[in-house]
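Good morning, everyone. Please look at the structure on the screen, and I will walk you through it.

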Amino acid sequence: MFDDLKRFETGSPRQFDWFSQLLDSFFPDGNAMDIRAVPRGSFPMINVARSDDAVRVYVFAAGLTPSDLIIDVQDNVLTLRGKRESLTGSNEDGSARPVFRRERTSGEFVRAIALPDGLDAERAEARHAHGVFEIVLPKREELKPRRIDVQAA
């Protein structure tokens with residue numbers, strides 16, 4: 001299944017240790033977003049799939065509850081808004097723990113996804129299970145494919 005991904009191998013992670021150390025030296029306190037991580041604004045990650053009857057948007061947002069995510073649809077744009085809390089923790093005296101590497105972003109986020117024409121936003125549904133939100137946007141009935149039977153003459 002993943003055989004095609006082998007051509008994208010980049011070598012051993014040890015080959016890039018010197019570069020990682022150089023980048024880490026620019027952010028010694030760990031308070032800056034790690035520039036090697038996913039670009040800001042790319043959380044949550046999504047997949048969009050289309051079938052004959054609907055468009056499904058899968059939102060991968062581990063750690064968020066349904067009340068943490070606001071989903072809006074307007075003018076063929078799906079907007080995801082929310083806030084993800086920081087998990088740095090604190091020391092016994094109440095001071096913040098220093099972070100030496102940060103790969104998980106926190107704070108407010110907004111994602112806007114352009115949708116195809118012909119969706120019925122009034123019938124949209126969303127479900128959540130195991131950190132994955134599934135948003136189903138049905139196609140309008142007049143746009144769904146229909147079969148035409150051929151009659152004998």
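Let me begin with a term. Accessible area here comes from the Shrake-Rupley method with a 1.4 Å probe. For the protein chain, that surface comes to about 11,800 Å². Carbon and sulfur atoms hold 52% of the surface. One caution before we go on: this is a predicted model.

Now the layout. The protein chain has one helix and seven strands. Starting at the N terminus, the order is α-β-β-β-β-β-β-β. So much for the list of parts.

Next, packing. The chain has 153 residues, and 22% of them count as buried. Take the contacts with a separation of 6 or more. Residues 24 or more positions apart account for 54% of those contacts.

Which residues touch the most other members of the largest nonpolar core? The core has 16 residues, and the answer is V57, V59, L78, L80, L115 and I135. At least two residues come from each of β2 (54-60), β4 (77-84), β5 (107-114) and β7 (132-138). As a general point, nonpolar side chains in soluble globular proteins tend to be buried together.

Let us zoom in on one member. Leave out residues up to four places away in sequence, and V57 touches N47, V48, L78, L115, F133, E134, I135 and L137. Keep E134 in mind, as we will meet that residue again.

On to the sheet. Three strands form an open sheet, in the order β3-β4-β5, and the pairing is antiparallel. Which strands sit at the edges? They are β3 (69-74) and β5, and each pairs on one side only. Ignoring direction, neighbouring strands of this sheet are turned by 15 degrees against each other on average. Look at β3 and β4: six bridges join the two strands in the antiparallel sense.

Last topic: charges. Side chains of opposite charge can pair when their charged atoms come close. How many salt bridges does the structure hold? Seven.

E134 and R56 meet through their side chains, at 3.3 Å from N to O. E134 lies in strand β7 and R56 in strand β2, so this pair ties together parts that are 78 residues apart in sequence. Is E134 buried or exposed? Its relative accessibility is 17%, so E134 counts as buried, because the cut-off is under 20%. R56 has 24% relative accessibility and counts as partly exposed.

Another pair is R81 and D72. Their closest N and O atoms are 3.2 Å apart. R81 is partly exposed, at a relative accessible area of 36%. D72 is partly exposed too, with 34% relative accessibility.

Then there is R123 with E141. This salt bridge spans 3.5 Å, N to O. The pair links distant parts of the chain, 18 residues apart: R123 is in the loop between β5 and β6 (125-129), and E141 is in the segment after β7. R123 has a relative accessible area of 35%, which makes R123 partly exposed.

One more thing about these pairs. Salt bridges with shared partners join R56, E125, R127 and E134 into one network.

Thank you, and I am happy to take questions.

Key: Residues are numbered from 1 along each chain as its sequence is written. This is a predicted model: local features need pLDDT of at least 70, side-chain atom pairs count only at pLDDT 80 or more; totals for chains, interfaces and linings use all residues. Side-chain values use heavy atoms; hydrogens and water are left out. Helices (H or I, at least four residues) and strands (E, at least two) are DSSP runs, numbered from the N terminus. Buried means under 20% relative accessible area, exposed over 50%, partly exposed in between (1.4 Å probe, protein chains only). Contact means heavy atoms within 4.5 Å. A nonpolar core is a set of buried Ala, Val, Leu, Ile, Met, Phe, Trp, Tyr and Cys residues joined through side-chain atoms within 4.5 Å. Two strands pair if DSSP finds at least two bridges between them. Axes are lines fitted to C-alpha atoms, for helices over the stretch in contact, and angles run from 0 to 180 degrees between N-to-C directions. A salt bridge is a side-chain nitrogen of Lys or Arg within 4 Å of a carboxyl oxygen of Asp or Glu.
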